[in-house]
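I opened this notebook to record what I looked up, entry by entry.

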Amino acid sequence: MNNGLSGIKNIIWALAIVVALAAVLVGLIITMVLGFGGQRQDGTLYLGEGSGLSSGGSGGTSSGSGGVDGGLDAGAGAMALPGSQDTGLEYLFNLTFLCDESFAAVGSFGANFGSTASAQVWLPAGGSLPASDAAGTRIIYPNDGTEKTPADAAGLYQPARLVIYLGGDSLGSADQASFIAGYSSLVKGIQAASPETRIICCSIGSVTAAYTGTDGLTASLVAQANQWIQQVCADTGVYYADLGAILNDTSGALSAEYAATDGHSISAAGISKIMDYFRMHGI
């Protein structure tokens, strides 16, 4: 009789241990699949998923490595560029930039270190790179000086990481539909030509409070266009870098410290600030 009861007890204990182990296994699987706090297993943060990033984009920032970070608006489901360890200068010099002339100072970044080495920079052949027609606008391909579409250049060069900074040209007369359609066409064309390229789309730099240009650019118009860029990033699955969070003042205007004399182009000091940001946000 005692042997029978002992056997039943052993069976019950064995079943309890199996159930406990199964519960632990299920918990581990859920943690691996879902992550926590809005962070995927690869360290990528998504806007609106508990990332803890500050909102606003006009001076507000979230703390990160080296104290250089960009606060991202929790909207549109755009994928935030994640923070990282210091990637070093070599990482920066191996970035490729597709940009309009307001960001052209990035081409001289290497001179800050007494070096002729710098990132590959693709600038518009005609001087303007509006988002609505970005896919068809030709850039000067630095390797041979020929004119190519961004997708053709990407197909030849196969950049590991491409940073896109454009959208201010013709923004004063652009509408949401044409802006998003044109920008999306640009990104998708590059993705088709160079599938392994990691693409980072930057927010458009604002204009200074004293800006009096005739192109119709205003801080509020730029802020609206940056929401459109976030939508493009969400739709195409590329990274969004909120540069306004590190370049703008508390009113949303481009800080005079980081602006060129025209009031909307990024100065060398602004480029250095941006490169510090990319250095601590490697992908």
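This is a predicted model: local features need pLDDT of at least 70, side-chain atom pairs count only at pLDDT 80 or more; totals for chains, interfaces and linings use all residues.

Entry 1: Residues are numbered from 1 along each chain as its sequence is written, and side-chain values use heavy atoms, with hydrogens and water left out.

I took helices (H or I, at least four residues) and strands (E, at least two) as DSSP runs numbered from the N terminus. H5 (219–236) has 18 residues, which should span 26 Å at 1.5 Å a residue, and its end C-alpha atoms are 26 Å apart, in agreement. The expected span is 1.5 Å times one less than the number of residues.

I then listed the buried residues of H5, among them Val222, Trp228, Ile229 and Cys233. Buried means under 20% relative accessible area, exposed over 50%, and partly exposed in between (1.4 Å probe, protein chains only). The cover over these buried residues includes H4, E8 and strand E9 (239–241).

**Entry 2: helix H4.** I found 18 residues in H4 (residues 176–193), with 26 Å from its first C-alpha to its last, close to the 26 Å expected. Its buried residues include Phe179, Tyr183, Leu186 and Ile190. Among the elements that cover them are strand E3 (96–99), helix H3 (150–157) and H5. At the start of H4, a side-chain oxygen of aspartate 175 comes to within 3.1 Å of the backbone nitrogen of alanine 177.

**Entry 3: the charged pair.** How many salt bridges does a search of the whole structure find? I recorded one, taking a salt bridge as a side-chain nitrogen of Lys or Arg within 4 Å of a carboxyl oxygen of Asp or Glu. It joins the side chains of aspartate 86 and arginine 279 (2.5 Å, N to O). The two partners are 193 residues apart: aspartate 86 lies in the loop between strand E2 (79–80) and helix H2 (88–93), and arginine 279 in helix H7 (residues 268–279). Aspartate 86 is partly exposed at 46% relative accessible area, and arginine 279 is partly exposed at 24%.

**Entry 4: serine 267.** I located serine 267 in the loop between helix H6 (244–247) and H7. Serine 267 is buried, with a relative accessible area of 14%. Leaving aside neighbours within four places in sequence, serine 267 is in contact (heavy atoms within 4.5 Å) with Glu257, Tyr258, Ala259 and Ala260.

**Entry 5: the cysteines.** I counted zero disulfides, a disulfide being a pair of cysteine sulfur atoms within 2.5 Å. For cysteine 202, the nearest cysteine sulfur is that of cysteine 201, 7.6 Å away. For cysteine 233, the nearest is also that of cysteine 201, at 4.2 Å. Cysteine 202 is buried at 0% relative accessible area, and cysteine 233 is buried at 1%.

**Entry 6: the whole chain.** I noted a mean pLDDT of 80, with 70% of residues at 70 or more; pLDDT is the predictor's confidence in each residue, from 0 to 100. Over residues 28–74 the pLDDT is below 50, and this stretch has 96 contacts in the model beyond near neighbours in sequence. The chain has seven helices and nine strands, and 43% of its 283 residues count as buried.

Technical notes:
A polar contact is a pair of N or O atoms within 3.5 Å; within protein, one must be able to donate a hydrogen and the other to accept it, and residues adjacent in sequence count only if both atoms are side-chain atoms.
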